[in-house]
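This report walks through one structure for a reader who has not seen it before. Please look over the sequence and the model first.

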Amino acid sequence: LEQWLLQAKDRKQLPGLIDTIPGVRTLLIQYEPRQLPLAVLMQALNDAEAQRVSITDMHVRSRVFRLPM
């Protein structure tokens, strides 16, 4: 979702989008409501969610770390 938002920002599709700040399970979206009304932002987020790949089809690179005990 964050990547989609940043690409939309780069393509100037969401004027008023300032920044995105990822958390562990959250995504803070900074935007200017006078340029990007909340309803438009919410619709864009819903559209992005509808287009995303199913989590079962995703491949996430990972590593295993073994720590001495």
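Predicted model: local features only at pLDDT ≥ 70, side-chain atom pairs only at ≥ 80, totals over all residues.

Which residues does Ala44 touch, not counting residues up to four places away in sequence? Ala44 touches Trp4 and Leu14.

**Helix H2**

Ala44 has its place in helix H2. Ala44 is buried because its relative accessible area, 9%, falls under the 20% limit. Its C-alpha atom is separated by 25 Å from that of His59, which is 15 residues apart from Ala44 along the chain.

H2 covers residues 38–51, which makes 14 residues. From its first C-alpha to its last, H2 reaches 20 Å, close to the 20 Å expected at 1.5 Å a residue. Besides Ala44, the buried residues of H2 are Leu41, Leu45 and Ala48. Seen down the axis of H2, the buried residues fall within an arc of 100°, so they line one face of the helix. An α-helix has 3.6 residues a turn, so residues three or four places apart point the same way. The cover over the buried residues of H2 includes helix H1 (2–10) and strand E2 (27–31). On the other side of H2, Ala39 and Ala50 are exposed.

**Strands E1 and E2**

Strand E1 spans residues 17–22 and runs antiparallel to E2, with 5 bridges joining the two. E1 and E2 form a hairpin, and 4 residues lie between them. Within this pairing, Asp19 has Gln30 in E2 as its bridge partner, and Leu17 has Tyr31 in E2 as its bridge partner.

Thr20 lies in strand E1. Is Thr20 buried or exposed? Thr20 is buried, with a relative accessible area of 7%. Leaving aside neighbours within four places in sequence, Thr20 is in contact with Glu2, Leu5, Leu6, Leu27, Leu28 and Ile29. With Glu2 there is also a polar contact between side chains, at 3.1 Å.

**The salt bridge**

How many salt bridges does a search of the whole structure find? The search finds 1 salt bridge. Glu32 forms a salt bridge with Arg34, and the closest N and O atoms are 2.8 Å apart. Side chains of opposite charge can pair when their charged atoms come close. Glu32 counts as partly exposed at 22% relative accessibility, whereas Arg34, at 76%, counts as exposed.

**A loop residue**

Lys12 is found in the loop between H1 and E1. What is the phi of Lys12 near? The phi of Lys12 is near 65°, a positive value in a residue other than glycine. Most residues other than glycine have a negative phi. Lys12 is exposed, with a relative accessible area of 70%.

**Accessibility of the residues discussed**

The table gathers the accessibility values stated above.

| Residue | Relative accessible area | Class |
|---|---|---|
| Thr20 | 7% | buried |
| Ala44 | 9% | buried |
| Glu32 | 22% | partly exposed |
| Lys12 | 70% | exposed |
| Arg34 | 76% | exposed |

To return to the opening question, Ala44 touches Trp4 and Leu14, and Ala44 is among the buried residues of H2.

Methods:
Residues numbered from 1 in each chain as written. Heavy atoms only, no water. Expected span 1.5 Å × (residues − 1). Buried < 20%, exposed > 50% of the residue type's maximum accessible area, 1.4 Å probe, protein only. Arc of directions from axis to C-beta. Contact = heavy atoms within 4.5 Å. Salt bridge = Lys/Arg side-chain N within 4 Å of Asp/Glu carboxyl O. Pairing = 2+ DSSP bridges. Polar contact = N/O pair within 3.5 Å; in protein donor to acceptor, adjacent residues only side chain to side chain.
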